[in-house]
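Please consult the sequence and the structure shown below.

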Amino acid sequence: TMGRVPLSVVTDLGNFGTLSYPSDAKFDSVRGNIWVADMGNNRILSLNYASRLIDFEFKGVTFPYILCVNSNNGDVYARGFSDLNTGTIHIFSRNGEIKHTISFAESFPAEEFKIKSIPYIPNDLGGCGSMKFDHVRNRLWWVAGNVLHMADLINNEIFTNDLFSRY
């Protein structure tokens, strides 16, 4: 069974062990959760800020290194790998259920999505180590290699754009 552990215990998480190379943390200010990517343990932790307790542990995310929170519904996007040449984004509900996994290798998105060119690029996307959620358009953006990806989460489509093809 999963226990509840105070957040003030940083080095020892009780039944959850210890953190090993925590790579990212995001705060969901709407719901009061702190999400931690524990890369060395291949897991994501959900911490309740108000109670100072761990609510969920998501195992099986290989080397999670970037997190992003959907401020509309509380979903969490965890970027990691399935192997050396394939990136993944696992989509978790705020209640701890895995909803979907997107796999991509450079410019090749998952087969269940339609590939199109990107109509709109946000100004604050950042570099290759970033992932952003557009809460107005319900889209997830990330960069893999020289390819910009945008997942339209309403229509289940992935748009791609080679960042160097125009230069």
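Two strands pair if DSSP finds at least two bridges between them, strands being DSSP runs (E, at least two residues; helices are H or I, at least four) numbered from the N terminus. The model is predicted: local features need pLDDT of at least 70, side-chain atom pairs count only at pLDDT 80 or more, and totals for chains, interfaces and linings use all residues. Residues are numbered from 1 along each chain as its sequence is written, and side-chain values use heavy atoms, with hydrogens and water left out.

**The sheet**
- Four strands form an open, antiparallel sheet in the order β1-β2-β3-β4.
- β1 (22-28) and β4 (53-59) are the edge strands; each has a single partner, so one side of each lacks a neighbour in the sheet.

**Pairing of β2**
- Strand β2 (residues 33-38) is joined to β3 by six antiparallel bridges, and β1 and β2 likewise pair in the antiparallel sense over six bridges.
- Trp 35 stands opposite Ser 46 in β3, and Lys 26 stands opposite Trp 35 in β2.
- The bridge partner of Asn 33 in β3 is Asn 48.

**Hairpins**
- Four residues separate β1 from β2 in their hairpin, where Gly 32 in the turn has a positive phi of about 75°.
- The hairpin of β2 and β3 also has four residues between the strands, and Asn 42 there takes a positive phi near 50°.

**Burial**
- Six of the six residues of β2 are buried (under 20% relative accessible area; exposed is over 50%, partly exposed in between; 1.4 Å probe, protein chains only), so β2 is largely enclosed by the rest of the structure.
- Ser 46, in strand β3 (residues 43-48), is buried with a relative accessible area of 0%.
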